[in-house]
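Reader: Hi! Could you walk me through this one?
Author: Happy to, let's take a look together.

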Amino acid sequence: MSTKTELLKYLDDNFGNYVSGEKLAKELGISRAAVNKAARALRRSGYKIYSRTSQGYCIREKSDILSEAALESMITTPCRLKVFDSIGSTNNYAKTLEIGETPVVIVANSQTAGKGRLGRSFASPADTGLYMTLAIKPTFDLAKSPFITIATAVAVCHAIDQVCEINPKIKWVNDLYYRDRKICGILTEAQTNLETGRIDSLIIGIGINCFPGSFPPELEGIAGPISDDPNAFSRTKLAAAVVNNIMNMIPNIGEKTFLHEYRRRCFILGKGILVHPLSGERPIKARAIDIDDNGGLVVEYMEGIRMRDMETLSNGEVTVREID
C-alpha cells in the first residue's frame, strides 16, 4: 500500500479519535514529515483530515469519495487501480490498456458515454451511482465464457447484500432488481484468440444505481436506486466488495457453484415473458421455465406456430409480462 493509503486505513480504523503523529509514524514505519505529507495529500483528495497540536490527526466525518487510496485499502486482490471523477466509458477505457496477469480495476463517479447491452447507452449521473470495470486476463477457455455474466451477477448480489443489507433479485441475463426497479446492469465483453481458443482479455462492466439521481424520461418507472438515503452506505465499500467477490469466484468458474443461487434469485422463473428476437422481429409471448446448467433460459412459447414448443435461449432479451 502507498503511505496515504496506509494512513487513511489507520485513521478510518480509529474513526473519531485523534492519533498522534509520533504514533502514526511508528505504526506505519515512516517519518512524521511523511505522515504530514500524506495527510495533506488526502485533504487535497477531499478527505476531512483534522489535526491538532499535541493531539495528532483524526477523521471525524465519514465521506463517500471514490479514491484509489480508499479502494486500495479494501480490495484484497492485487490489482492496478484507475479512479476517475468522470470518464466516457470505463469499458472503452479498459480496451485501451494492455491487460497482463494483474487485474485492472477502473472506477468512475460518472460516465458521459456509459454502455449497456445491445448497443444501448447506460445512464451514469454523477455522485449517485457506481460505474466500474474489472479487466482480467483469464486462464480458462472460451467454453466457460457464458458463465462470466451469470457469476458476476451473483457476485454483485453478494456485495450488495454485504454492504447495503438488501436482497436484490436477478432478471436473466444481466440485470439486478430491487423494489421492482433495475438497480444494476452488467456488460461483459471479451477479446478472444481463435488460434488458442482462449480469451486474451475479459472486460466486465458494472453500473449500479446507488442513490436517487437524474435518469432520462425513458427510464422512468424502470430504473431506481438501492436506497433513497444518500448516506445509507459507502460506494467505496461496495466497489471493493464487488471486486473481491468477483475475483474469489472466477478461479472456480468451471465448477458452476453459483448456478443454484442464480436460479434462486432469478425472479422471472414461472412468469409470463416476452422474448425479443435479436433479428428485430416482434416479441413472442412465452413462459420462463428454468435456467439450464449452461446458464441458458428455458422457455415455453405461448403463441403462434411455436405454441407449446420449448427452447433454451443462450442470449437475447426478455421482458416480464402478465400471463393472459
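**Charges and fold**

Author: Let's start with R282, which is exposed, its relative accessible area being 56%. Keep in mind that this is a predicted model.

Reader: Nice. Which side chain does R282 meet in a salt bridge?
Author: That would be E303, with 3.3 Å from N to O. The two sit 21 residues apart: R282 is in the loop between β10 (272-276) and β11 (284-291), and E303 is in the loop between β12 (297-301) and β13 (310-313).

Reader: And is E303 buried or exposed?
Author: E303 is buried, at a relative accessible area of 18%.

Reader: What does R308 pair with?
Author: R308 forms a salt bridge with E300, and their closest N and O atoms are 3.4 Å apart. R308 is partly exposed at 48% relative accessible area, while E300 is buried at 17%.

Reader: How many salt bridges are there in the structure?
Author: There are 13. Another one of them joins the side chains of R306 and E311, at 3.2 Å from N to O.

Reader: Switching topic, how many helices and strands does the protein chain have?
Author: It has 8 helices and 14 strands. The radius of gyration is 22 Å, close to the 20 Å that the globule rule gives for 324 residues, so the chain is as compact as a globular protein of that length.

Reader: What share of the residues is buried?
Author: Buried residues make up 47% of the 324.

Notes
Residues are numbered from 1 along each chain as its sequence is written. This is a predicted model: local features need pLDDT of at least 70, side-chain atom pairs count only at pLDDT 80 or more; totals for chains, interfaces and linings use all residues. Side-chain values use heavy atoms; hydrogens and water are left out. Helices (H or I, at least four residues) and strands (E, at least two) are DSSP runs, numbered from the N terminus. The radius of gyration is taken over C-alpha atoms; the globule rule is 2.2 Å times the number of residues to the power 0.38. Buried means under 20% relative accessible area, exposed over 50%, partly exposed in between (1.4 Å probe, protein chains only). A salt bridge is a side-chain nitrogen of Lys or Arg within 4 Å of a carboxyl oxygen of Asp or Glu.
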